[in-house]
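Good morning, and thank you for coming.

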Amino acid sequence: MAGPSKESVPFPIFVCAVDGVVYDQKRAHWHGLPEIHDRLHCPICGSRMEGEPKDPPTRVFFCYQCGTTYDRDKASWYGIAYHQAP
């Protein structure tokens, strides 16, 4: 992901040139990640994420390939920042 063009930018934002996903570093928030349904593919590696509980409504999605996790109740992604370019 490409970072801000200048160090003087007050709101550091990283942008993925391939799919348009944006990471707002100041707010520690992601924009443009995939819609959450009963099936989900990992935004990092593309593997199908496993959901818990198995019966709807699924609350937590977990990728066994890279460890990325999505908690639907908190609307939070975990493990994505580790894949961000320094």
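Which residues of strand E5 lie on its covered face, and which on its uncovered one? On the covered face of E5, residues 48-52, we find Met49 and Gly51. The uncovered face carries Arg48, Glu50 and Glu52. Please bear in mind throughout that this is a predicted model.

Let us stay with E5 and consider its partners. Strands of a sheet pair through backbone hydrogen bonds, and the pairing may be parallel or antiparallel. E5 pairs with strand E4, residues 40-41, in the antiparallel sense, over two bridges. In that pairing, Leu40 stands opposite Met49, a residue of the covered face. E4 and E5 form a hairpin with six residues between the strands. Within this hairpin, Gly46 takes a positive phi near 85°.

E5 also pairs with strand E6, which comprises residues 60-62. This pairing is antiparallel as well, and it runs over three bridges. Here Gly51, the other residue named on the covered face, stands opposite Phe61 of E6.

We now move to another part of the chain. Three strands form an open sheet in the order E1-E2-E3, with antiparallel pairing. From one strand to the next, the twist averages 20°. Strand E2, residues 22-24, pairs with E3 in the antiparallel sense over three bridges. Asp24 is found opposite His29 in E3.

Finally, the cysteines. A disulfide is a covalent bond between the sulfur atoms of two cysteines. How many disulfides are counted here? The count comes to zero. The rule asks for two cysteine sulfur atoms within 2.5 Å. For Cys42, the closest cysteine sulfur is that of Cys66, at 3.6 Å, which is too far for a bond. Cys66, accordingly, is in no disulfide.

Cys66 counts as partly exposed, because its relative accessibility is 27%, and the buried class requires a value under 20%.

Note on methods: Residues numbered from 1 in each chain as written. Predicted model: local features only at pLDDT ≥ 70, side-chain atom pairs only at ≥ 80, totals over all residues. Heavy atoms only, no water. Pairing = 2+ DSSP bridges. Helix = DSSP H or I, 4+ residues; strand = E, 2+ residues; numbered from the N terminus. Axes fitted to C-alpha atoms, helices over the stretch in contact; angles between N-to-C directions. Buried < 20%, exposed > 50% of the residue type's maximum accessible area, 1.4 Å probe, protein only.
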